[in-house]
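Thanks for coming. I have one structure to go through today, and I will keep it short. Please have a look at it first.

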Amino acid sequence: MPATPTDRRPTAGRVPATDRPHHGRASTALVWGAAVAQPFLFLLAARTGPYRSTELRLFLTAVAVGLTLPLARRNPLAALGLLLAGLFAAATTRPDGALLYLPVLAADALVGRIAALRPPRILLPTALGALVVQIGAATYTTSGQDVFVSTVVALALALLTAGLLGRSVRERRDHAAELRAATAAEAVAAERLRIARELHDVVAHSIGVIAIQAGVGRRVIDTQPAEARNALATIETTSRETLAGLRRTLGALRGATADGRPAPRDPAPGLADLERLAASTADAGVRVELRHLGNPDVALPPEVDLAAYRIVQESLTNVVRHAAVPVCRVTVERRTDTLLVEIADEGRGAPPGADTRGGYGLVGMRERAALLGGSLTAGPRPGGGFHVTALLPLPAGLPEGTPAP
């Protein structure tokens, strides 16, 4: 009989979930107990050993400092307070000055850690308090005014150095976090722009065809029912293709379909699909004359192939919407190092002095060309009409007849 979720038992080597809080509390109590015992060990180090053995006292001092390390990772402020308490208590016994070197360095290191983790409003009083305690301890272990002054200066410089190093670490960490955030924001913006461009290219052409066919069907539905049926059939076919493209795009964004299966990875359109694009444009009332020039064996990288197709698609959409012309020409020339794409019509074009930068369509085409290191020009023709010319560079050294990786 298969085990139900309630029948499962913790496997060997794994701590049950119900025991983890107890382990956490036990480790926390152990850390704090070791840190609290540290001042007493300092006092023991200052007084212990046969004949006041310096080696033994140095060893116990090192052990006492080590007891504060686990707490220093969790709560450096508390660890610093306990360390300074042990330092001052041991100094009151007037031990050998060498016994206080390691605790002082440990206190400075904790100040540096606090500088790296906490804001200046916490760092400054903490550093001043540590300096006051260290100076108080120095009054018990130094003799003579000159020695005392030099000791105070050394303590202040050491604390200042630790604080500056900690602030430097904090600033580098903050700067790295800002760079990561900026890089992530830039990547998100670029991805949003790419998605918006893809959705625009998928939808704009089809909606233009549907709008025109709907207008044709409305005008002839009473007088020419056969033409109206053809228009409705075109609308149905175009809308189904558009919906399929949107599903593929949204499925790729989600990473999986609604039923949990992997999203389809259909090949992206390219120049090989221009005949189908020309047929759908003809349904919208504009006949497309396709011309393929140059060497057909010149390899096209996938990104160049897709960009060229989208540029032609957007240009034909603009012709259908704005040109009021029955025919347009599309020329694709494969050169050795560049791909030339030209779309021209003899329609109304833009009025003199009009802004030809265009809306999102022309902006998207220019961005596609620029991302590939190419260029795109669009504007009215001298003899009337409008033309779009794109030059997309091809990487050198690609084998002929095979797509680039």
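This is a predicted model: local features need pLDDT of at least 70, side-chain atom pairs count only at pLDDT 80 or more; totals for chains, interfaces and linings use all residues.

The protein chain has 11 helices and five strands. Of its 405 residues, 36% are buried. The accessible surface comes to about 23500 Å², and carbon and sulfur atoms account for 62% of that. As for contacts between residues at least 6 apart in sequence, 70% join residues at least 24 apart.

Now the interior. In soluble globular proteins, nonpolar side chains tend to be buried together. Here the largest nonpolar core has 37 residues, and the members touching the most others are Val312, Leu316, Leu339, Ile343 and Leu376. Which elements give two or more residues to this core? They are helices 9, 10 and 11, together with strands 2, 3, 4 and 5. Helix 10 supplies the largest share, 10 residues. There is also a second, separate core of 35 residues, with Leu83, Leu100, Leu123 and Ala127 among them.

Next, helix 5, which covers residues 101–117. From first C-alpha to last, helix 5 reaches 25 Å, close to the expected 24 Å. Its buried residues include Pro103, Val104, Asp108, Leu110 and Gly112.

On to the aromatic rings. The count is one aromatic pair. The rings are those of Phe88 and Tyr140, with centres 5.8 Å apart and planes at 85°; that angle is over 60 degrees, so the pair is edge-to-face. Phe88 sits in helix 4 and Tyr140 in helix 6, 52 residues apart, so the pair links distant parts of the chain.

Last, the charged pairs. How many salt bridges does a search of the whole structure find? It finds four, and I will describe some of them. Arg329 and Glu346 meet at 3.8 Å, N to O. Arg329 is partly exposed at 27% relative accessibility, whereas Glu346 is exposed at 56%.

Another salt bridge joins Arg335 and Glu333, at 3.5 Å. Arg335 is partly exposed at 33%, and Glu333 is partly exposed at 22%. Arg287 also pairs with Glu289, with the closest N and O atoms 3.5 Å apart. Arg287 is partly exposed at 48%, as is Glu289 at 32%.

That is what I have.

Note on methods:
Residues are numbered from 1 along each chain as its sequence is written. Side-chain values use heavy atoms; hydrogens and water are left out. Rings of Phe, Tyr and Trp (its six-membered ring) pair if their centres lie within 6.5 Å; planes under 30 degrees apart count as stacked, over 60 as edge-to-face and the rest as tilted. Helices (H or I, at least four residues) and strands (E, at least two) are DSSP runs, numbered from the N terminus. A nonpolar core is a set of buried Ala, Val, Leu, Ile, Met, Phe, Trp, Tyr and Cys residues joined through side-chain atoms within 4.5 Å. Buried means under 20% relative accessible area, exposed over 50%, partly exposed in between (1.4 Å probe, protein chains only). The expected span of a helix is 1.5 Å times one less than its number of residues. Contact means heavy atoms within 4.5 Å. Accessible areas come from the Shrake-Rupley method with a 1.4 Å probe; for residues, only the protein chains shown count as cover. A salt bridge is a side-chain nitrogen of Lys or Arg within 4 Å of a carboxyl oxygen of Asp or Glu.
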